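Let's take a walk along one protein chain and see what its atoms can tell us. Have a look at the picture first, then read on.

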Amino acid sequence: MSLSDSDVQKQIKHMMAFIDQEANEKAEEIDAKAEEEFNIEKGRLVQQQRLKIMEFYERKEKQAELQKKIQSSNMLNQARLQTLKAREDHIKNVLDESRRRLGQVTSNPADRKSVV
């Protein structure tokens, strides 16, 4: 039983349509898989960059807090130094005044006996 030319042509067309349909389905599967992989990779990259940005700003925040602590410590030290300087100046003034008065008292023989 041999097939006529028209039957062969019909079978060839049918096979070509089947192959075209299979190729189109496979192309759609590949496109869908590529789209899914793209979205997964995009999500991973976005999350990765989001983490980098968060880490960057956390470091900036810690750096700012550290600067604030350093500045506060420096201001406190400056205040302590000023207090110590004022105390030292006051003690120096008291000693100078004591020396001056003691010099006046010891220069007068009558006052000197009352001090001793």
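Start with Asn39, which lies in helix α1. Helices here (H or I, at least four residues) and strands (E, at least two) are DSSP runs, numbered from the N terminus. Asn39 is partly exposed, with a relative accessible area of 36%. In this report, buried means under 20% relative accessible area, exposed means over 50%, and partly exposed is in between (1.4 Å probe, protein chains only).

A word on where this comes from: the model is predicted, so local features need pLDDT of at least 70 and side-chain atom pairs count only at pLDDT 80 or more, while totals for chains, interfaces and linings use all residues. Residues are numbered from 1 along each chain as its sequence is written, and side-chain values use heavy atoms, with hydrogens and water left out.

**Distances along the chain**

**The whole chain**

Now zoom out. The protein chain has 2 helices and 0 strands. Its radius of gyration is 49 Å, well over the 13 Å that the globule rule gives for 116 residues, so the chain is more spread out than a compact globule. (That radius is taken over C-alpha atoms, and the globule rule is 2.2 Å times the number of residues to the power 0.38.) Along its principal axes, the C-alpha trace spans about 160 × 15 × 10 Å.

What share of the 116 residues counts as buried? The figure is 0%. The accessible surface of the chain comes to about 11,200 Å², and 57% of it belongs to carbon and sulfur atoms. Such areas come from the Shrake-Rupley method with a 1.4 Å probe, and for residues only the protein chains shown count as cover.

**Patches on the surface**

Patches are made of residues with over 30% relative accessible area and no salt bridge: like charges are joined within 9 Å, and nonpolar side chains (Val, Leu, Ile, Met, Phe, Trp, Tyr) within 5 Å. Leu3, Val8, Ile12 and Met16 make up a nonpolar patch, with about 330 Å² of accessible area together. Ile12 sits in helix α1, which covers residues 5-107, and it is partly exposed at a relative accessible area of 37%.

The other patch is one of negative charge, where Glu22, Glu25, Glu28, Glu29, Asp31 and Glu35 gather on the surface. Glu25 lies in helix α1 and is partly exposed, with a relative accessible area of 35%.

What about charge over the whole chain? Lys and Arg count as positive and Asp and Glu as negative, while His and the chain ends are not counted. The place of a charge is taken as NZ of Lys, CZ of Arg, CG of Asp or CD of Glu. On that basis, the mean positions of the 22 positive and 21 negative charges are 24 Å apart.

**Salt bridges**

Side chains of opposite charge can pair when their charged atoms come close. A salt bridge is a side-chain nitrogen of Lys or Arg within 4 Å of a carboxyl oxygen of Asp or Glu. How many salt bridges does a search of the whole structure find? It finds 6, and the table lists some of them.

| Pair | N to O distance |
|---|---|
| Lys92 and Asp96 | 3.5 Å |
| Arg100 and Glu97 | 2.2 Å |
| Glu97 and Arg101 | 3.0 Å |

Lys92 and Asp96 both lie in helix α1, 4 residues apart, about one turn of the helix. Asp96 is partly exposed, with a relative accessible area of 36%. Arg100 and Glu97 are 3 residues apart in helix α1, again about one turn. Arg100 has a relative accessible area of 40% and is partly exposed, and Glu97 is partly exposed at 29%. Glu97 and Arg101 are 4 residues apart in helix α1, about one turn of the helix. Arg101, at 52% relative accessibility, counts as exposed. Salt bridges that share partners also join Lys92, Asp96 and Arg99 into one network.
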